[in-house]
Amino acid sequence: MRYLTAGETHGPQLTAIIEGFPSNVTLNFEDLNFQLHRRQKGYGRGRRMQIEKDTAEIVGGVRHGKTTGAPIALVVVNNDWKHWTSVMGIEAAPEDSEGKRRVNRPRPGHADLNGGLKYNQKDLRNILERSSARETTMRVATGAVARQLLAEFGIKVAGQVIRIGDVEAQRQELPLEELIRITEESPVRVVDKDAEAKMIAAIDAAKEDGDTLGGIVEVIIEGVPVGLGSHVQWDRKLDGKIAQAVLSIQAFKGVEFGIGFEAAERRGSNVHDEILYTEEGGFRRRTNRAGGFEGGMTTGEQIVVRGVMKPISTLYKPLQSVDIDTKEVFTAQVERSDTCAVPAAGVIMENVIAWEVANAFLEKFGGDSIEEIRANLNNFLAQVESY
Ligand code: EPS
């Protein structure tokens, strides 16, 4: 399975095509749009989110609510486009648009300068428009489709914010349903109410100062069978694929599984998860410090992934930059942006990981229809049970 996305943040629409999705999967459009809606929420977002009401239109691959096996084409229209038609038009530029909204002072931390040099663009808007995190709308849309395939097999996805700036939330072990219910009601997607108030205050303070905040988000996937991914080849390790997916989210700088970086400080006896066996439950682990992976393969325990997001690089109180025309020192361009998008980034992370897990699931139990996949899965589960 694969997908590509296209579209600019202030262009007419965003587009995605999913190739290789099996047939006979019932797609719930409300669930799909619920994921898009979740991504738009979160304390610390800017004015753009009041303009957009992201809704995916399916324009291929689905008939009477079910997938047919053909490529699934998805479209999300940008409401803001109507304000940008002369700046972002596809046709040759009209006379009066020359230099309009041109970006010539690259923002440190953004793709502006590297992209401008690489693609030989003297208007850095041509870089900004595509590098914008607006593109994550389609990654949530594609992940939301994958998530519906996972749901068919009882695989659940949840996420929570662990840190915003210097405020860390107390992590609690909760049943997944409860974690989902509580975080869904929190404006910063945390369980810890004390941390929630402090995070909101920290976002307000950063906004007041024209500054931005990053953080850490955690995603948990439950119900994944043992044996997705493989140890036999470097590019078949599923934790590696998930890491790439997470690091490909705009502004993400780090990823860890289970106890992650803390493993460096501990002794092996306090890192590895002891193996247990019962007749009813089969093989289990006493703990899950590995975060659901050994040898690049799922262990059958929860997949636990954390990602680090740097603070957004568009600052209302900008850092020093250089004018690309005159090479003179200037402050970087100020563009409308968010103060903190960590809660939204958690939703994006959930969905990009769901995509990777669904893809690995299809690689293992591959079939062109859901019936074929179900038969393959049941066959494998019977094999594991009688091992
Ligand atoms: C973004 C800048 C802002 C964000 C945008 C990401 O957009 P604008 O420039 O239109 O104000 O709101 O995020 C989204 C539009 C979105 O859908 O998440 C950036 O530069 O990355």
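## Ligand contacts

A polar side-chain atom of Arg45 is placed 3.1 Å from a ligand oxygen atom, a polar contact being a pair of N or O atoms within 3.5 Å. The side chain of His10 has an N or O atom 2.7 Å from an oxygen atom of the ligand, and for Asp338 the corresponding distance is 3.5 Å. The ligand alone exposes 470 Å², of which the protein buries 93%; accessible areas come from the Shrake-Rupley method with a 1.4 Å probe.

## Basis of the model

The structure is a predicted model, in which local features need pLDDT of at least 70 and side-chain atom pairs count only at pLDDT 80 or more, while totals for chains, interfaces and linings use all residues. Residues are numbered from 1 along each chain as its sequence is written, and side-chain values use heavy atoms, with hydrogens and water left out.

## Residues around the ligand

The residues around the ligand (a heavy atom within 4 Å) include Arg39, Arg48, Met49, His110, Ser132, Ala133, Arg134, Arg336 and Ser337. By class, this shell holds six charged residues (Asp, Glu, Lys and Arg), four polar and two nonpolar (Ala, Val, Leu, Ile, Met, Phe, Trp, Tyr, Cys and Pro), with the others, Gly among them, counted as polar.

## Ala195 in helix H8

Ala195 belongs to helix H8, residues 193-208, where a helix is a DSSP run (H or I) of at least four residues, numbered from the N terminus. Ala195 has a relative accessible area of 3% and is therefore buried, the cut-off being under 20%.

Beyond its neighbours within four places in sequence, Ala195 is in contact (heavy atoms within 4.5 Å) with Val167, Glu168 and Ala169.

Notes:
Polar contact = N/O pair within 3.5 Å; in protein donor to acceptor, adjacent residues only side chain to side chain. Helix = DSSP H or I, 4+ residues; strand = E, 2+ residues; numbered from the N terminus. Buried < 20%, exposed > 50% of the residue type's maximum accessible area, 1.4 Å probe, protein only.
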